[in-house]
Amino acid sequence: MTGMPPSVIEGVEAPRSGAAAGTDSESSLPLSSKSVAYTTCYMCACRCGIKVHLENGRLRYIEGNRNHPINRGVLCAKGSAGIMTAVSPARLTTPLKRVGPRGSGSFEAISWDEAMRIVTERLAAIRASDPSRLALFTGRDQSQSLTGHFARMFGTINYAAHGGFCSVNMAAAGLYSVGGAFWEFGEPDWEYAQLFLLFGVAEDHDSNPIKLGLSRLKARGAKIVSFNPVRTGYSAIADEFVAVTPGTDGLLVFALIHCLLEAGRIDTEFLVRYTNAHHLVIDDAGGAEHGLIARNAQGSELAFDRATGSLASASATGIDPALAGTFVLPDGRHARPAFALLAERYLAAEYAPEAVAERCGVAAATIRRLADEIAEVAFNQPVVLEQPWTDAAGRRHTHMVGRPVAIHAMRGISAHSNGFHTCRAIHVLQMLLGAIDTPGSWRYKSPYPKPIPGGLPPGRAAGAPGAPLTAAPLGCPTGPQDLLVDAQGEALRLDRAFSWEAPLAIHGLMHMVIARAFEAGPQKIDTLFFFMSNMAWNSAMNPGESIRMLSATDEQGEYRIPFVVVADAFASETVAYADLVLPDTTYLERYDCISLLDRPIGSAHGPGDAIRVPVLKPKRDVRPFQDVIIEIAGRLGLTDFADAQGQPLYHSYADYIVRHQRAAGIGPLAGFRGADGRGIGRGEPNPEQLRRYIENGGFWVHHLPPEQLYYKFANQAYLDGARAMGFIDSSAPIVLQLYSEPLQRFRLAAEGHGAHLPPQRLRERVRRYFDPLPIWYAPLEQAASHDGRYPLHAITQRPMAMYHSWGSHNAWLRQILPENRIYLHRELAAELGIEDEDWVWVESRSGRLKARARTMSGVNRNTVWTWNAIGKRVGAWGLKREAPEFRRGFLLNHVISEFLPDERGEAAHSNSDPVTGQAAWFDLTVRLERCAPDTPDETAPRLGANPLRIKRHTESAA
Amino acid sequence: MTMLPQRGTEARKMGLVIDLDTCVGCHACAVNCKEWNTGGEAGILPDYDPYGEKPDGVWFNRIHSYETGTDGCARTVNFPRSCLHCENPLCVTVCPTGASFKRAEDGIVLVDTDLCIGCKLCSWACPYGAREFDEQSGVMRKCTLCIDRIYDDSLPEAEREPACVATCPAKARHFGDLADPDSHVSKLVAQRGGTDLLPELGYRPTNKYLPPRRAQIQTAPRETCGAAGQGIGGALLRLLDKALSR
């Protein structure tokens, strides 16, 4: 029998704890002795291996798995607090059908049979007419290879996960520049880095691996520099803290590049061998190919070979490519090396440190010194490993030489409307230094790098309603032809991803789906299906508006958004807005896979993936969401989920994990494939696969041989191996994109060239933001004039003990931080007459909130900040009404808008990056004012309580 | 009053060395400590009002983050606080029942809750605030240095360390015998200038804290280069003139 290994320990009781008293703990079956299960944590998105101890039928202790490649035995506060998830009062217990008005919290408990019948009938009807009227948006799941495949087979383009408001700027900039990305597809070389630059990383992305890595750097005396407006978390232990003004990191990076160019301290050999720096860019202003790479008749990119004084294939071995100058192409047009365009741009006076210092809030001398330090470490302290390797040109190298400047960047870069270009600027800096996948620098996590831009174009509807999409719903457009737009150039997707408003929205725009569904109405949306995403609270840019739109009705009293399904393990603020609630299990109660088809646990040392196993058996009437989606797919008879006769192919997710094949021999898990369990990456399904994972501690890793560990984009042994394992389709080298030709293709369309043109109203916008070289512009929200009314930047970050966590209501974690403050610089506070613990109004263009102030010195002078997702809505998360999260907690989101200033309605632009659609949370500007002394002792706004009121034991109406 | 054991200079001094240079203030140690101990020999570490107005409970270890210094020297310091297992623990000598005691063999300070009458003299005597009163059972509680882990022969040797040390993601916590000059922890203290907390009080804490440090990069004096804004100039031109081999 497949998929049902023997490790399930039935009926395990809640942990011993004061907090467990009085809760509905799982009942105990006789289980006298001690036992251990290895599984994967899900208290955040890190995917650490855990060892779960059970004793006398109780969940006794969770610790890190010492053999696991992600956390090597350590475990963060969230992971250790996971033991309290088993007794969380917020756990949902039964399927629910709404009986009161949306948002009232009034539900009726129904059976799974009825819940499945309701959802299946609804989805079947949608699929028969217009499958895109189902929008499936998932939150922090690690099941995107399943949910995305479901959406594809269902035939809806309206699918995305949470990356649109998290890190799509990092993913897109990375995939379009280097074929990898910070965090998910890359990591610093902790072993050899001598200088580590952290941009916009506070406590996040990721958790334990960065902490482990920082300790290794510290042990070697490497220098850590943190560019961040706020000095907490990782910034607290940095050797240098640079309190950059939010949204100006791109300018700062340009200034560093300016200094390096000025001093001639860049790695030109790296550039011509591994990037497109020498590719000739057509200089034909006004022409249809202006700014594209010049190619010969065979389609090869051209360079100018100084050795022969003639044009040559840019990929030819041994040529001496020009990086400066202007050359004449055979057709008489002129062309210039991409590098020449780059050097000209960043050497301009506007990017000199002295020119950006004030705006960035960083002294020019500091920028110049940091540039010197970067150059010193990169070029005077190279790492030389005695490890021979062969490059893609066939050259045998006796050593691996690296530039030990490692960079990691995340949320503080990502959550701005200029984040895509800022992230690309950082990748350009890395390329100029030769610090991509070399010893001591930033490295790819297997299975990356991928050929740029790192994925197929997004799938589109084809054929009759209900036919599968042509490809997965999320993908990487390479030009205007890949956009999902109608004949007028307007968006096909509800959230307008892959439209001219957000062409490279490779993760979708989750933050816009409610607003756009509300605008579009029942013609374009029937069912909004959310999994594990708190869209009516902290995952909404504007919770007040989201709630209003979810509850809005038309003249006939029908809901504007006809049907809302929420699948979740906990009673979040969003559950009250569902028409149907599908209660999920916790992470300790289900099978899961952390797949190479999604976001695995690979590292620079090789590919890896992992599973979760059910350690507890829920006594609640809940089911794993993955089992539910597979059952729905089976009932609907979707391709790959049902056979030709319409019979379901899989009885559970565990069954699917083992037997599903995405392509021949490639399935959700890459390890222990084939009949003998020896297949790596490729191989027939192995009925014993889950058992093998369990025996191996819940994960699988493959260690690349030392020859393959660096220069993966051009390391022939690596490329051949990656192809054999199914990670890439071709073993051709991956040319890093200093200059981004796909961006120029969009720009040309905006200038009126080609068959696919943007609507007139968007042309100037596309022309401006699709620059093939990184640009900097003031965050869009701030570009609008407010007459200086909102002079302060406002940002949020989650505390380390709750980062990425679905459990900030956890009995132990909330003892650490149950309420939040608005933090500001002491000097600013003095200027505004604000003292510690004063109540202040925080006002933005879209509203105001009331919070308590706390002063500090480790913060940018013009920035205020707070801890995110502490404030909760009264009645949610199983907390009592008096909980401080309700009374003294607040959510900065209440003063953020999902639209740009003065815009609302269909024509309005979302408050997002114009390239990727990334939610621009961190663009917010505010003003602060001390409240009157008699102000009530609680935060504002306070939304009314809507705890779940569940009618049980009644026959539900059909 | 409770007597301290006779301990020779050779007696083992088991304790922690906490590196303030790498502690990121993540609370991992505190939560894993609570998790291990609430289900272990130490007995339940209660939570009061866990889902209500004043969520609090007993913790053997708490983390405090604060700012220190001004301007260029300013830092944010994350400071984990737990029992320091002092050589001269007033918390023991003030105990009227013998409930608080220091072990002769390894110097660990413990509370025998069967003897504790909940008078709280010990917590008043501890200048480090390391003891916590258990409101539910009316007895004093404190860090045991995980004696039910460090001496558990059924665990692999590498795992016989306190939970806070095993779990610390930043590897900022170290465990060992501070009486042994050759131990890993003693060497760390010697190399890094490990210090006592409030040494002037004379409690002679066993646990030591390693101070924050600052890594620096020395650079050669900068070459003067072409004026900014002049396009490709001096140094870069010279670099670009060099022959390359793709």
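Me: Where is the place of P447(A) in chain A?

Reply: In this predicted model, P447(A) sits in the loop between strand 22 (442-444) and helix 14 (513-520) of chain A. A cis peptide bond joins S446(A) to P447(A), with omega about 15°. The loop between strand 22 and helix 14 of chain A also holds P453(A), and a cis peptide bond with omega of about 15° joins I452(A) and P453(A).

Me: Why is W183(A) called buried?

Reply: The cut-off is 20 or more other C-beta atoms within 10 Å. W183(A) has 25, so W183(A) counts as buried. The residue lies in the loop between helix 4 (168-177) and strand 8 (186-188) of chain A. Its phi is positive, about 70°, although W183(A) is not a glycine.

Me: What makes C146(B) buried?

Reply: Burial requires 20 or more other C-beta atoms within 10 Å, and C146(B) has 25, so the term applies. C146(B) is in the loop between strand 9 (139-141) and helix 4 (147-150) of chain B. C146(B) is not a glycine, yet has a positive phi of about 55°.

Me: How do you know that strand 9 and strand 21 of chain A pair?

Reply: Pairing needs at least two bridges. Five bridges join strand 9 (residues 195-199) to strand 21 of chain A, so the two strands pair, and they run parallel. L198(A) has H408(A) in strand 21 as its bridge partner.

Me: Why is one side of strand 11 and of strand 21 of chain A left without a neighbour in the sheet?

Reply: The open sheet has the order 11-10-9-21 in chain A. Strand 11 (240-242) and strand 21 (405-409) stand at its edges, each with a single partner strand, so one side of each has no neighbour there.

Conventions:
Residues numbered from 1 in each chain as written. Chains lettered and ligands numbered in written order. Predicted model: local features only at pLDDT ≥ 70, side-chain atom pairs only at ≥ 80, totals over all residues. Helix = DSSP H or I, 4+ residues; strand = E, 2+ residues; numbered from the N terminus. Buried ≥ 20, exposed ≤ 12 C-beta atoms within 10 Å, placed from the backbone.
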